[in-house]
Amino acid sequence: MASMLLPLAFWPAAAWSQSSGSGSQANAELFYMIQQLQTEVRQLRGEVEEQRNQIDRLNRQSRDRYIDLDQRILKLSSELSDLDKPAASDPVTGQGSEAAVEQREYRQPSAEERKEYEALQTLIRKDKKFNEAINGLYDFIDKYEEGDLTVNAYYWLGEVYLAENQLEQAKQAFTIVATRYGDHRKASDAVYKLGVTLDRLGETAEAARRMEAVIRNYPDSNAASLAKTFLDDKTG
Amino acid sequence: MRQGKHTVGHQFPLLITVILSLLAAPVSSDELLIRITKGADSAIPISVVPFTESGQMPAGEKISTIVRNDLQMSGEFDPLAPEEMLSLPSKGSEVYFRDWRLLGQRYVLVGQVSSSGDTLQARYELYDVSQEKRLAGATASAPKSAARSLAHHISDRVYKAITGVQGAFSTKLAYVTLERSGNKSVYRLQVSDVDGKRARVRLESDEPILSPAWSPDAKKLAYVSFETGKPAVYVHELASGQRQRVADFQGLNSAPAWSDDGRSLLMTLSKDGNAEIYRMNLANGDLKRLTNHWSIDTEPTYDHTGKGFFFTSDRSGGPQIYHKSSDNAEPRRITFGSRYNARPRPDATGDFVYYVHQRDRSFHIARTDLESGEETVLTRTESDESPSVSPNGRMLIYATKQGEDSVLTVIAADGGAAYSLPASSGDVREPAWSPIVR
């Protein structure tokens with residue numbers, strides 16, 4: 001604490017000693033002005049730093065809240081699909097939450113959007129910088145809502161989390177694609193990966209249900225044949 | 001003042017002889033006493049059974065007593081008093097696990113100490129009561145004069161076997177005591193064991209001694225001494241008592257901190273008119289200026305990477321902790337919780353930084369999680385200062401007021417258990433925890 005106070009005592013003394021003679025009045029005023037400015041700059045700097053910190057915090061909080069909210073929606077929708085279970089044998093109503101209801105038109109990406117997406121792909125596939133990629137994907141999703149590539153970004157978020165073995169997060173990401181964008185071309189892959197994630201989480205029955213859903217809902221997809229292999233391996 | 005300045009300069013060689021004679025004295029009378037003020041709620045129950053002894057034992061505390069006190073001081077253990085033990089086994093075959101389970105013990109340490117000639121030998125075994133398994137066991141020996149070192153070594157091994165974390169009981173503490181009698185003040189730089197025992201005076205002066213800092217090999221201390229009438233930074237080799245005045249520039253010379261290779265020091269100098277942080281190459285005295293701001297930049301300390309450093313700056317009004325990840329990086333502000341945060345001390349892993357934190361006009365020790373930015377106030381005492389983290393990051397020592405006097409307090413680094421190390425006389429302050437030397 002003493003070391004903080006000492007220079008405060010030195011500094012004005014040194015500056016004052018330079019002001020002498022006829023210019024001393026002007027110098028004194030200048031010095032006073034500088035001091036005032038310094039005080040104000042300090043104060044402003046403090047405010048900027050504190051606001052930046054607050055913004056960082058808010059960003060983090062909103063992301064956490066988003067994940068939390070998503071988790072609750074996830075729980076709700078799985079409870080809902082459990083309610084539907086008795087009718088699971090019925091191909092029309094039994095599609096659960098992963099149903100491909102109807103085909104939607106997705107917003108096509110702008111050139112800039114495509115470029116950013118490709119940068120993320122490089123980060124994931126080539127550089128394997130997963131942590132950086134996760135942040136990038138979230139930013140991408142925040143920035144470009146409800147586009148064709150937004151769904152891809154969610155899917156890749158799931159992939160990266162899966163690679164990082166953050167299974168709960170992977171589950172959420174895949175579920176978003178599977179439930180919210182059931183008609184997207186990535187949906188079949190997402191449901192399949194959701195099954196894989198659930199299997200790794202030890203929820204084998206749930207995993208099998210997803211695999212069956214892939215085969216039922218997306219019979220011609222690559223994911224369907226992967227799901228068949230998965231089920232065969234499990235039973236065989 | 002000016003007069004004194006010149007004469008003290010000539011007294012310098014004399015001072016060294018004084019120190020050397022002090023070194024020759026075996027142990028100072030100013031030993032610190034441990035007193036437990038608060039136990040942790042989650043402390044692990046352990047029984048350190050009194051070791052059986054054969055041969056001529058050195059005077060002083062028994063090995064097993066020192067081990068028991070060490071473990072208790074960590075705040076992570078709750079040792080059973082020997083009077084409450086149902087049996088006093090000294091080897092594994094005599095341990096009846098049922099008895100220890102009955103006493104609610106998780107671990108039992110048994111052992112034997114024997115002496116032959118000048119050597120003291122301890123054979124010890126640590127058992128897990130619920131698993132009925134031997135966790136560790138070894139034979140260690142030391143000269144009789146180093147019985148306490150032997151005990152601390154066993155404490156380290158036991159601590160490591162149970163927690164998985166390197167023990168820090170064999171490390172040292174440096175601190176400054178102040179004794180006032182009438183108009184005269186005597187400052188003493190002392191080095192003791194972590195339990196406050198075997199304290200030895202390394203420097204005595206009528207003027208303040210501040211900011212002791214351990215070199216990474218724990219062989220040297222750097223500190224600020226006002227012995228010439230103004231602050232200067234010294235490097236003091238403990239074994240030989242040799243000292244070197246490394247920084248004595250005009251104005252402020254303060255807050256030395258070692259680099260992890262021990263070849264340079266960070267310090268605060270005001271030789272260019274304003275308090276800034278510099279790095280000094282100790283081999284040739286070359287200086288590199290690392291901060292450049294018209295506000296006060298001070299109290300530098302290297303982070304766990306050894307490349308970046310934390311420091312205190314009042315560039316945003318009150319003192320706050322900043323971090324520079326390299327010499328040329330932009331400083332990033334770390335603390336936001338209040339108007340006053342100073343004297344940063346990071347742990348060795350880069351998880352937390354500890355510092356003095358002002359809240360409601362009292363000073364506490366707080367830490368910030370560097371990953372999440374979360375701040376936790378760790379102490380409930382007031383007027384707390386000078387935090388220093390144990391090298392394993394599990395304990396924290398700081399100075400606080402007790403009545404008129406300043407005392408040292410050890411707490412678990414997460415704010416759990418607390419222990420005071422009051423000096424038998426006068427003030428104690430500016431504690432510095434030595435590194436673990438492998």
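This briefing covers selected helices, strands and residues of chains A and B.

The model is predicted: local features need pLDDT of at least 70, side-chain atom pairs count only at pLDDT 80 or more, and totals for chains, interfaces and linings use all residues. Residues are numbered from 1 along each chain as its sequence is written, while chains are lettered from A and ligands numbered from 1 in the order in which they are written. Helices (H or I, at least four residues) and strands (E, at least two) are DSSP runs, numbered from the N terminus.

**Chain A overall**

- Chain A has 9 helices and 0 strands.
- From the N terminus on, its elements read α-α-α-α-α-α-α-α-α.
- Of the 236 residues in chain A, 29% are buried. A residue is buried if 20 or more other C-beta atoms lie within 10 Å of its own, exposed if 12 or fewer, and partly exposed in between, with C-beta atoms placed from the backbone.
- Take the contacts in chain A between residues at least 6 apart in sequence: 50% of them join residues at least 24 apart. Two residues are in contact if their C-beta atoms, placed from the backbone, lie within 7 Å.

**Helix pairs in chain A**

- Two packed helices are described by the angle between their axes and the distance between the axes. Axes are lines fitted to C-alpha atoms, for helices over the stretch in contact, and angles run from 0 to 180 degrees between N-to-C directions.
- Helix α4 (residues 130-143) of chain A packs against helix α5 (residues 148-163) of chain A at about 155 degrees, with the axes 10 Å apart. α4(A) and α5(A) are therefore roughly antiparallel. Angles under 35 degrees count as roughly parallel, over 145 as roughly antiparallel, 65 to 115 as roughly perpendicular and the rest as oblique.
- α4(A) and α5(A) cross in a left-handed way. A crossing is left-handed if the near helix is turned anticlockwise from the far one by less than a right angle, and right-handed if clockwise.
- On the α4(A) side, the contact residues are F130(A), A133(A), I134(A), L137(A), F140(A) and I141(A). On the α5(A) side, they include W156(A), L157(A) and V160(A). The contact of α4(A) with α5(A) has 12 nonpolar residues, 1 polar and no charged. Here Ala, Val, Leu, Ile, Met, Phe, Trp, Tyr, Cys and Pro count as nonpolar, Asp, Glu, Lys and Arg as charged, and the others, Gly among them, as polar.
- Helix α8 (residues 204-217) and helix α9 (residues 222-235) of chain A have axes that come within 8 Å and cross at roughly 140 degrees. That makes α8(A) oblique to α9(A).
- The crossing of α8(A) and α9(A) is left-handed. A208(A), M211(A), V214(A) and I215(A) in α8(A) meet residues of α9(A), including K228(A), F230(A) and K234(A). This contact of α8(A) with α9(A) has 9 nonpolar residues, no polar and 2 charged.

**Strands in chain B**

- An open sheet of 4 strands in chain B has the order β23-β24-β25-β26, with antiparallel pairing. Two strands pair if DSSP finds at least two bridges between them.
- β23 (341-346) and β26 (375-377) of chain B stand at the edges with a single partner strand each, so one side of each has no neighbour in the sheet. Neighbouring strands of this sheet are turned by 30 degrees against each other on average, direction ignored.
- Strand β25 (residues 362-369) of chain B is joined to β26(B) by 3 bridges, and the two run antiparallel. A366(B) faces V377(B) in β26(B).
- In strand β27 (residues 385-389) of chain B, 4 of the 5 residues are buried, so β27(B) is largely enclosed by the rest of the structure.
- β27(B) forms a hairpin with β28(B), with 5 residues between them. G393(B) in the turn has a positive phi of about 75 degrees. S388(B) stands opposite I397(B) in β28(B).

**Buried and exposed spots**

- Helix α2 (residues 63-73) of chain B has 10 of its 11 residues buried. G75(B) follows α2(B) and has a positive phi near 80 degrees.
- S211(B) lies in strand β11 (residues 209-214) of chain B. S211(B) counts as buried because it has 25 C-beta neighbours inside 10 Å.
- N165(A) is not a glycine, yet its phi is positive, near 65 degrees. With 9 C-beta neighbours inside 10 Å, N165(A) counts as exposed.
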